[in-house]
Amino acid sequence: MPPKVPMSRPMVVCIEGNIASGKTTFVNSFKKLADVHTFEEPVKEWRSVPGVSGSHNLLQLLYSDPKRWSFAFQHYVQLTMLKVHECPANAPMKVMERSIHSARHCFVENLFRSGNMTSAEYAVLDEWYKWIRENRNVNPDVIVYLRTCPETVHNRIKSRGRPEEQSISLNYLKSLHELHEAWIANSGCQVMTLDANLAVPEVEKRFLDAKDSYGFPSV
Ligand code: DCP
């Protein structure tokens, strides 16, 4: 069978939500839809940045010393997420986990406001972000927002046991939650909000019940 070539820009969907809200599982569940190209978040790349004398785990560095490493980490996130935004889809629908937008408006904002990023570092990342928005087509058509309570995701982080994340506090997740809420409300994009405190099958069911009003293709 010949490879599929997209006829025009695909419908772009970004899956957003707090840490451990279930984004990867949800992105994978899109594979049940026909003609979808899914892109997981490049967390693996953040944990193994190639260096001259071996690889660097930037995620681990970030949590072990946020003041020192926030800028390098978020700079690399912006690069790797831009690559995902730019990656052509071989289907009429492209589904991405996260975006440069939540990186900027939730994570970078939080690190700056909490004093873990200097004003100069914040300004550099913001200049990059503005340049990307003005010069690249990185706007999603729909955001699926997996809304959770900070307490729920705090428990999930503890039970999934990703070693770098064990120092994440409930207050950190509360701040990120508020920033997601504020950004989503002002994103200027069509947003489908799902209660992701619920079990995965129920979240998927609610998505399927609502998807026709958002122009998603049929299963
Ligand atoms: N992270 C960050 N800054 C970003 C993006 C992510 O500090 N701009 C961190 C937070 C987490 C890790 O990277 O420690 C991955 O977070 P995500 O919420 O993006 O992904 P999860 O793996 O938690 O997604 P889920 O469990 O919802 O599938």
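Does lysine 211 count as buried or exposed, and at what relative accessibility? At 5%, lysine 211 counts as buried. Here are some notes on the side chains; please keep in mind that this is a predicted model.

1. Lysine 211 and its partner. The side chain of lysine 211 meets that of aspartate 212 in a salt bridge, with 3.2 Å from N to O. Aspartate 212 has a relative accessibility of 58%, so this residue counts as exposed, whereas lysine 211 is buried.

2. Lysine 205 is partly exposed, its relative accessible area being 45%, and aspartate 209, at 57%, counts as exposed.

3. The model has 16 salt bridges. One of them joins glutamate 16 to arginine 98, whose closest N and O atoms are 3.3 Å apart. This pair links distant parts of the chain, 82 residues apart: glutamate 16 is in strand 1 (residues 11-17), while arginine 98 is in the loop between strand 3 (93-97) and helix 5 (100-113). Glutamate 16 and arginine 98 are both buried.

4. The network that includes Asp126. Salt bridges link Arg104, Glu109, Arg113, Asp126, Glu127 and Lys130 in a network. Aspartate 126 is placed in helix 6 and is buried, with a relative accessible area of 16%; the cut-off for buried is under 20%. Its side chain makes a polar contact of 2.8 Å with the side chain of arginine 104.

5. Glutamate 165. You will find glutamate 165 in the loop between helix 7 (150-160) and helix 8 (170-185). The side chains of glutamate 165 and arginine 162 make a polar contact at 2.8 Å.

6. Aromatic pairs. There are seven aromatic pairs in the structure. In one of them, the ring centres of phenylalanine 30 and phenylalanine 216 are 6.1 Å apart and the planes are at 50 degrees, so the pair is tilted. Phenylalanine 30 is in the loop between helix 1 (23-29) and strand 2 (36-39), and phenylalanine 216 is in the segment after helix 9 (200-210), so the pair ties together parts 186 residues apart in sequence. Both of these phenylalanines are buried.

7. Phenylalanine 207 is buried, as is phenylalanine 216. One aromatic cluster is formed by Phe26, Phe30, Phe207 and Phe216.

8. Charges over rings. Arginine 68 lies over the face of tryptophan 69, 4.0 Å from the ring centre. The charged end of lysine 94 sits over the ring of phenylalanine 39, at 5.0 Å from the centre.

9. A nonpolar surface patch. Val124, Trp128 and Trp131 make up a nonpolar patch on the surface, and together they have about 310 Å² of accessible area. Tryptophan 128 lies in helix 6 (residues 119-135) and counts as partly exposed, at 43% relative accessibility.

Note on methods
Residues are numbered from 1 along each chain as its sequence is written. This is a predicted model: local features need pLDDT of at least 70, side-chain atom pairs count only at pLDDT 80 or more; totals for chains, interfaces and linings use all residues. Side-chain values use heavy atoms; hydrogens and water are left out. Rings of Phe, Tyr and Trp (its six-membered ring) pair if their centres lie within 6.5 Å; planes under 30 degrees apart count as stacked, over 60 as edge-to-face and the rest as tilted. Helices (H or I, at least four residues) and strands (E, at least two) are DSSP runs, numbered from the N terminus. Buried means under 20% relative accessible area, exposed over 50%, partly exposed in between (1.4 Å probe, protein chains only). A charge sits over a ring if NZ of Lys or CZ of Arg is within 6 Å of the ring centre and within 35 degrees of the ring normal. Patches are made of residues with over 30% relative accessible area and no salt bridge: like charges are joined within 9 Å, nonpolar side chains (Val, Leu, Ile, Met, Phe, Trp, Tyr) within 5 Å. Accessible areas come from the Shrake-Rupley method with a 1.4 Å probe; for residues, only the protein chains shown count as cover. A salt bridge is a side-chain nitrogen of Lys or Arg within 4 Å of a carboxyl oxygen of Asp or Glu. A polar contact is a pair of N or O atoms within 3.5 Å; within protein, one must be able to donate a hydrogen and the other to accept it, and residues adjacent in sequence count only if both atoms are side-chain atoms.
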